[in-house]
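Hi,

Here is the structure I said I would pass on. Have a look at it first, and then read my notes below.

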Amino acid sequence: KQKTAYEICACLVGSEMCIRDRYQRRVRDAFSEETNFEIFLKSYCIMKKGFEDARQSDQYHEPEFIQITVTDPKVIEENGKKSYTLYTITTETNFKDYPGKHFVVTRRYKDFSWLKGVLNEKLDKEKEGGTIAALPGDTFASFLGFGRFDEKFIEERRKGLEEFLNSVANHIVTRFEKRLHNFLCDPKFACSNK
């Protein structure tokens, strides 16, 4: 009589169990006492789990990142006259040098200018690392004063400031500067010659 597929499967399962039991019996016989065998099995299980955990931890490491956006420019008036533009800076990062992952501060253009001076000094001291991105400059109209609050000029400046911050925050040397971190993280940080 020809065996059905179900019967063949049952035989295979039985064979596999015999092979497994035979292997375990041989290993057990290699130890003089059963307690030694139990110690071996426990050690093996712990070791196997350690290898699996190590393999899983090696599979994925979150890459470092920092993303900075400059938004919401607001023209500030003093004594009834337009005085300067204030920009909102939002930072998202997982860099370990920062005290957290999300920060929002406001700065004006002269604060960015101060930061660029600080970072240039750091590069001069390090004597390596190249240069950093330039700040957005003035147009003829903004230089004379009457174009500083033009919407198109403010938007172009906003884009340039955002590019500048992302550049220095990812730079191989300047990214570690503590005053850059304060500039991006601490709303009360005073940008001055410190």
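**Helix 3 and what surrounds it**

Helix 3 runs for 18 residues and spans 26 Å from its first C-alpha to its last, close to the 26 Å expected at 1.5 Å a residue (the expected span being 1.5 Å times one less than the number of residues). Before I go on, a word on the source: this is a predicted model, where local features need pLDDT of at least 70 and side-chain atom pairs count only at pLDDT 80 or more, while totals for chains, interfaces and linings use all residues. Residues are numbered from 1 along each chain as its sequence is written, and side-chain values use heavy atoms, with hydrogens and water left out.

Back to helix 3: its buried residues are Asp111, Phe112, Trp114, Leu115, Lys116, Val118, Leu119, Lys122 and Leu123. Buried here means under 20% relative accessible area, exposed means over 50%, and partly exposed is in between (1.4 Å probe, protein chains only). The cover over those residues includes strand 2, strand 3 (102-108), helix 5 and helix 6 (178-185). Just after helix 3, Lys127 has a positive phi of about 60°.

**The chain as a whole**

The chain has 6 helices and 3 strands, in the order α-α-β-β-β-α-α-α-α. These are DSSP runs numbered from the N terminus: helices are H or I with at least four residues, strands E with at least two. Of its 194 residues, 29% count as buried. Take the contacts (heavy atoms within 4.5 Å) between residues at least 6 apart in sequence: 56% of them join residues at least 24 apart.

**The largest pocket**

The largest pocket holds about 200 Å³ of space. For the record, a pocket is an open set of points on a 1 Å grid over the protein atoms alone, where a 1.4 Å probe fits and there is protein on both sides within 12 Å along at least five of seven lines; lining residues have an atom within 4 Å of a point. The volume is the space filled by probe spheres set on the points, which are joined across faces, edges and corners.

Which residues lie nearest the centre of the largest pocket? They are Tyr84, Thr85, Tyr109, Arg148 and Arg157, out of 13 lining residues. Strand 2 (81-93), helix 3 (109-126) and helix 5 (151-170) are the elements that each give two or more residues to the lining. By type, the lining divides into 6 nonpolar, 2 polar and 5 charged residues. In that count Ala, Val, Leu, Ile, Met, Phe, Trp, Tyr, Cys and Pro are nonpolar, Asp, Glu, Lys and Arg are charged, and the others, Gly among them, are polar.

**Around Gly137 and Phe153**

Gly137 sits in the loop between helix 3 and helix 4 (140-144) and is partly exposed at 48% relative accessibility. Leaving aside neighbours within four places in sequence, Gly137 is in contact with Phe153 and Arg157. Gly137 and Arg157 are 20 residues apart in sequence, with their C-alphas 7.8 Å apart. Phe153 belongs to helix 5 and is buried, at 10% relative accessibility.

Asp72, in strand 1 (residues 66-78), has a positive phi near 50° without being a glycine; Asp72 is partly exposed at 41%. Asn79 is in the loop between strand 1 and strand 2, with a positive phi of about 55° although it is not a glycine. Is Asn79 buried or exposed? At 81% relative accessibility, Asn79 counts as exposed.

Cheers
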